Amino acid sequence: MDGMRRDDALWAVACFAGGLVLLAANAYLHRATPAYLLVGPLLVSCLGVAVRRSSPMAALWLGLVAIVADSFLGPSMGTILVFTDNIYAAVRYGPARLGKWMLGITSVFAVVGGTAAWFFSRDLSLLAVAVVQLGLIGVTPVFTGMIMKQLHDRAEFERSRAEQVARLAELDRQAAVDAERARMARELHDMIANHFSAIAIQSTAVLSRKDLSAEAVRNVMESIRENSVQGMAEMRTMIGLLRQDGEEAEATRRRVAEVEDLAERAREAGLEVRFRVDGDARDLPASVDLAGYRIVQESLTNALKHGGKVADLVIGYRPGLLTLTVDNPVDGAGRALPGAGAGLIGMRERAALVGGSIEAGPHDDGWRVRAELPTGEIS
């Protein structure tokens with residue numbers, strides 16, 4: 001059981017002070033008993049207010065004791081009003097099924113009390129007044145407590161569902177990132193294998209041939225060194241990418257120079273691709289080559305799925321930098337690309353892993369994907 005809450009204790013003090021004011025104002029039924037005895041039931045009901053949330057069932061029992069004692073001594077307006085809060089707190093913060101039981105009990109009590117008042121007075125107007133008064137004291141706080149409890153439960157349900165949706169979205173995002181990294185790792189593995197295979201073949205040739213000139217040996221050694229340097233660079237990239245196996249690796253290296261084939265396949269699928277190369281094409285680092293190819297591939301796929309009938313593809317070769325730009329109109333009223341979330345995550349992951357950046361979003365009257373990938377050359 002939780003301890004008494006400070007705000008509930010303060011509210012209990014306020015209720016007790018208000019009840020004393022009502023007693024001082026003679027807001028009670030005058031009988032032969034001294035008025036100061038009515039302070040006792042008021043105090044007991046206010047103790048129920050103090051534990052209304054930490055122990056709602058105790059609040060109800062304290063309220064019942066107080067209202068019974070007050071009925072014999074008074075009754076008094078202050079204790080009756082505080083008792084309504086005892087009922088409300090029990091229904092609002094107590095067990096889930098308590099509300100239905102309390103609704104039935106208070107309804108029956110209101111009808112029976114009103115009938116008893118009519119039976120002894122033979123006054124129909126007193127019957128109506130008694131039923132209404134007893135209903136306000138018992139039924140109304142029960143109804144209010146049930147409604148507030150239902151609203152609170154609904155809010156908690158919606159909050160829990162929102163948290164679950166957020167967790168699922170994060171899991172989907174992480175799965176997309178992991179899948180993209182695993183795919184890149186397998187591709188980079190093939191590239192590195194090619195480098196070291198070339199090194200093995202060339203070194204074997206040098207060792208097996210005794211008639212090679214010094215110039216020929218030098219040329220072979222320079223080629224071996226170049227493959228070693230490139231292989232080590234790819235290995236550094238791969239260390240952070242390796243994930244679990246499970247699929248066959250692609251045996252071919254994808255290059256930015258081959259994006260014309262992607263454009264041609266998109267044209268065959270019904271997308272008019274206007275392809276342009278800005279600058280002089282050159283060899284790129286394997287990781288940049290692969291990242292650029294996949295970014296263009298995903299961009300054209302999104303344009304084909306969600307865009308219009310045309311897309312502009314520009315490959316820019318700049319000193320130390322490769323730029324990729326895909327512009328396409330967006331078909332329909334929405335400017336976003338629903339369903340492209342995993343693809344966009346993959347593109348951002350590829351750009352980030354080679355030290356580049358990417359922007360994807362609405363542009364003019366359509367959608368633009370623009371990536372900048374550093375190539376490492378000295379300007």
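At what angle do helix α1 (residues 6-24) and helix α2 (residues 39-50) pack, and how far apart are their axes? In this predicted model, the two helices pack at an angle of about 160°, and their axes lie 8 Å apart. Angles over 145 degrees count as roughly antiparallel, and α1 and α2 are therefore roughly antiparallel to each other. The crossing in which α1 passes α2 is right-handed. On the α1 side, the contact is made by Asp8, Ala9, Trp11, Ala12, Cys15, Phe16, Gly19, Leu20 and Leu23. The α2 side contributes Val39, Leu42, Leu43, Cys46, Val49 and Ala50.

**Strand pairing**

| Strand pair | Sense | Bridges |
|---|---|---|
| β1 (residues 272-278) and β2 | parallel | seven bridges |
| β2 and β3 | antiparallel | seven bridges |
| β4 (residues 357-363) and β5 (residues 366-374) | antiparallel | seven bridges |

Strand β2 pairs with β1 in the parallel sense and with β3 in the antiparallel sense. Opposite Val273 stands Ala311 of β2, while Asp312 stands opposite Asp327 in β3. β2 is mostly covered, with seven of its nine residues buried.

In the hairpin of β2 and β3, two residues lie between the strands, and Gly320 takes a positive phi near 75°. The hairpin of β4 and β5 also has two residues between its strands, and Asp364 in the turn has a positive phi of about 55°. Within the latter pair, Glu359 has Arg370 of β5 as its bridge partner.

**The largest nonpolar core**

In soluble globular proteins, nonpolar side chains tend to be buried together. The largest nonpolar core here has 32 residues, of which Ile295, Val296, Ile315, Leu322, Leu324 and Leu373 touch the most other members. At least two residues of this core come from each of α8 (259-268), α9 (286-306), β2 (310-318), β3 (321-329), α10 (341-353) and β5. Helix α9 gives the most, with seven residues.

Leu322 illustrates the surroundings of one such core member. Leaving aside neighbours within four places in sequence, Leu322 is in contact with Val256, Leu284, Val288, Ile315, Gly316, Tyr317, Ala371, Glu372, Leu373 and Thr375. Among these partners, Ile315 and Leu373 also belong to the group of core residues that touch the most other members.

Methods: Residues are numbered from 1 along each chain as its sequence is written. This is a predicted model: local features need pLDDT of at least 70, side-chain atom pairs count only at pLDDT 80 or more; totals for chains, interfaces and linings use all residues. Side-chain values use heavy atoms; hydrogens and water are left out. Two strands pair if DSSP finds at least two bridges between them. Helices (H or I, at least four residues) and strands (E, at least two) are DSSP runs, numbered from the N terminus. A nonpolar core is a set of buried Ala, Val, Leu, Ile, Met, Phe, Trp, Tyr and Cys residues joined through side-chain atoms within 4.5 Å. Buried means under 20% relative accessible area, exposed over 50%, partly exposed in between (1.4 Å probe, protein chains only). Contact means heavy atoms within 4.5 Å. Axes are lines fitted to C-alpha atoms, for helices over the stretch in contact, and angles run from 0 to 180 degrees between N-to-C directions. Angles under 35 degrees count as roughly parallel, over 145 as roughly antiparallel, 65 to 115 as roughly perpendicular and the rest as oblique. A crossing is left-handed if the near helix is turned anticlockwise from the far one by less than a right angle, and right-handed if clockwise.
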